[in-house]
Amino acid sequence: MSYSSSSTTPISTAMFGIAILGAGLFAREAHLPAVAALEDRSVLRAIYSRSHKSASALAEAAQTELKLDAPPKVYSDDSAATLDTLLARTDIAAVIIALPITVQPSIIIRCLQAGKHVLSEKPVAPDVKSGVDLISRYQKDFKHKGLIWRVAENFEAEPGYRKAAEAIKEGKIGDVRFFRLTAVGYVDKDGKWYKTPWRTVPDYQGGFLLDGGVHSVALLRTLLPDSIKQVTSYASLSRPHLPPQDTITALLSCTPIVNPPSGAGDKKTHGVFELSFAAPSPSRSKVGNTTIVTGNKGWLQLSNEKVGETTVVRTTIHKVTQEPQKEGDVLREEEEVIDSIQKGVEAELSSFLDALEGNDDGLGDPAAALLDVAVIQGALTSEGVAIDLEKLVQEG
């Protein structure tokens, strides 16, 4: 059962209309295919962008991708049919927002004020304070009306990552003790992602480190049994076209700064977080990138692999099955490989639609997404001093 945009009155899933706000690369290459894959659950009725030209281009792509008789209606800031016109439509119950990072918070509020459910792209906000304010406003003014707001974080929703998290939860590697996540990317000045104007000259902290880095933090948040409580880091700029910073090297710990346990064995898991978009060449970005979680009974590694023409998330689990009890005994371990087709954006949209139908699996919680921003913000400002993430969120 789903709900109308103005009340909690049930409406037919067949009547469930959505709009995409934003006509950039990700809307075209990720959100459209996701809507197409779930075409039996929603109807794309409208496209909005700041320019009529870009909105029209995405609408034409949508007609082809979704095999529509006509393109969705186009709305833009430079035409008579504006965003307010779109939001006034009663046949649109929800919106997918894929707009520049600093623009999104105000658009989220406008959509909620218009009675629309919202799925907004990560990050939840440009910084912790604005995220805290946005979440507070939602909880105060809109949540009690039955309006649903979720953050589109495809790493959190990625089925392969969730299977890895389930394996950890089931104890396949024992108690988690430490981890490492390394993500080094190459950003070409002529690359399509760099040429997005709001990324070329970012008006938000961290540049690509915020925009892309929250994905990596969300992955750790999904895998680890405890939330990250503190970060000690150094941030720097290696490539001048990627300001204000392009590299983070951090130590993360799930042990709180305030009143930590006294015994070394009682401390929570900790690990190394290496994030950079400053690879000097594509070859550097193809080696060393990995996510490894180590427990006291084994370890688990994640990788993206090609199987034929399909990209899969591969989880490789090494489980100790026999430990030496006396001299001469042999340690034995077994390996388990789990491949899952990569489809995080489709999964996050499916979860959002489930929530509208009353089946909330907890994915896309704005408060959880705020912690991702807090880790990146802490890493950008630490300069070797431990940052208390719980305090950062509490104080905004």
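Mentor: Let us begin with aspartate 246, which has its place in the loop between strand E10 (230-236) and strand E11 (247-253); helices (H or I, at least four residues) and strands (E, at least two) are DSSP runs, numbered from the N terminus. This is a predicted model, in which local features need pLDDT of at least 70 and side-chain atom pairs count only at pLDDT 80 or more, while totals for chains, interfaces and linings use all residues. Residues are numbered from 1 along each chain as its sequence is written, and side-chain values use heavy atoms, with hydrogens and water left out.

Trainee: Why does aspartate 246 count as buried?

Mentor: Buried means under 20% relative accessible area, exposed over 50%, and partly exposed in between, with a 1.4 Å probe and protein chains only. Aspartate 246 has 1% relative accessibility, and therefore counts as buried.

Trainee: Which residues does aspartate 246 touch, leaving out those up to four places away in sequence?

Mentor: Contact means heavy atoms within 4.5 Å, and by that rule aspartate 246 touches Leu209, Ser236, Leu237, Ser238, Arg239, Leu275, Ser276, Phe277 and Ala278.

Trainee: What makes H7 and H10 a packed pair, and at what angle do they lie?

Mentor: Helix H7 (residues 159-169) and helix H10 (residues 213-223) pack at about 35 degrees, with their axes 8 Å apart; the axes are lines fitted to C-alpha atoms, for helices over the stretch in contact, and angles run from 0 to 180 degrees between N-to-C directions. On the H7 side Tyr161, Arg162, Ala164, Ala165 and Ile168 take part, and they meet Leu219, Thr222 and Leu223 in H10.

Trainee: How do you know that the buried residues of H7 line one face of the helix?

Mentor: The buried residues in H7 are Gly160, Tyr161, Ala164, Ala165, Ala167 and Ile168. Seen down the axis of H7, they fall within an arc of 155 degrees, so they line one face of the helix; the arc is that of the directions from the helix axis to the C-beta atoms.

Trainee: Why does the radius of gyration of the whole protein agree with that of a compact globule?

Mentor: The radius of gyration is taken over C-alpha atoms, and the globule rule is 2.2 Å times the number of residues to the power 0.38. With 396 residues the rule gives a value near 21 Å, and the protein has 22 Å, which agrees. Of those 396 residues, 51% count as buried, and the secondary structure comes to 13 helices and 17 strands.
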